[in-house]
Amino acid sequence: MHLKTYLLLALLFTFLGITAQTKADSLVVQVQLKFNQEDLRLNATYISAQKDTIAFDKIKFYLSDLVFIYKDNSQKKQLPTYHLIDSDAIESQNFSICYSKEKEIIGLKFNIGVDSLASVSGAMAGDLDATKGMYWAWQSGYINFKIEGKSTSCLTRKNKFHFHIGGYLKSYEALRTVTLKCSIKEQNKVNLILDLGKLFSEISLKETNTIMIPGKEAVKMADLLPNLFSIR
């Protein structure tokens, strides 16, 4: 190949690479766990608006099918993706998604949980691996949201509470969609807040402390989950 032709091709590929990078870049979503706006720590003690004393042992949930909403009303949908957020794994609380730098972002939409198609497909790999402790069986599918802990308000063995929220069958669907206003102020980063204080202001652990299967109680709690999320 002639040297001049080679240099022209090299310049062309460099230009195309830069252009592609400008049109689609990577944005980090950082999930922050809170209790009444305070950073949440496992095994620390919190008091809810219902006057329940609470210590969390485990918090795990799925975020899936993230969509950016732009000012021109267009949307950038990610490929079907499932991100398992785990209070025990700090690295799970940060993940990257693609977006267009050329358009102004005004919103972010996502699902809390795993859709019915993935649930009926059986346990899969990656964040959907059954070893992650978030899969019941093909009849019930994935657990969308799991919270476990202790409270003196719970008249249960060792004062434990367990909330395993899931279900994909009609009437007991627990997947919920969240749409939030979003403005990218800090370059390439979105802080997604989950505040569990809001959930425990709505439920009394004396009355409700165990949900382990799909059903009416799981659906009721699933309805509360979208209000726990906000973007800073």
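In which strand is Asn191 found? Please take the surroundings step by step from there.

Reply: Keep in mind that this is a predicted model. Asn191 is found in strand β13, which covers residues 189-195. Its relative accessible area is 11%. The cut-off for buried is under 20%, so Asn191 counts as buried. Now look for Asn94. Asn191 and Asn94 are 97 residues apart along the chain. Their C-alpha atoms are separated by 9.5 Å.

Next, the aromatic rings. There are 13 aromatic pairs in the model. Take Phe35 and Phe56 as one example. Their ring centres lie 5.9 Å apart, and the planes meet at 50°. Planes under 30 degrees apart would be stacked, and over 60 would be edge-to-face.

Now compare Tyr62 and Tyr142. Their ring centres are 6.0 Å apart and their planes stand at 85°, so the pair is edge-to-face. Tyr62 belongs to strand β4, while Tyr142 belongs to strand β10 (residues 141-150). That pair also links distant parts of the chain, 80 residues apart. Tyr62 and Tyr142 are both buried.

Some rings gather in a group. Phe35 and Phe56 belong to one aromatic cluster with Tyr46, Phe161, Phe163 and Phe200. The charged end of Lys103 sits over the ring of Tyr70, 5.5 Å from the ring centre.

Strand β1 (residues 25-35) gives the largest share of the lining, five residues. By type, the lining divides into five nonpolar, five polar and three charged residues.

Finish with the cysteines. A disulfide is a covalent bond between the sulfur atoms of two cysteines. The structure holds zero disulfides. Cys154 has a relative accessible area of 0%, so it is buried. Cys182, at 5%, counts as buried too.

Definitions and conventions. Residues numbered from 1 in each chain as written. Predicted model: local features only at pLDDT ≥ 70, side-chain atom pairs only at ≥ 80, totals over all residues. Heavy atoms only, no water. Helix = DSSP H or I, 4+ residues; strand = E, 2+ residues; numbered from the N terminus. Buried < 20%, exposed > 50% of the residue type's maximum accessible area, 1.4 Å probe, protein only. Nonpolar A, V, L, I, M, F, W, Y, C, P; charged D, E, K, R; others polar. Disulfide = S-S within 2.5 Å. Phe/Tyr/Trp six-rings, centres within 6.5 Å; stacked < 30°, edge-to-face > 60°. Lys NZ or Arg CZ within 6 Å of the ring centre and 35° of its normal.
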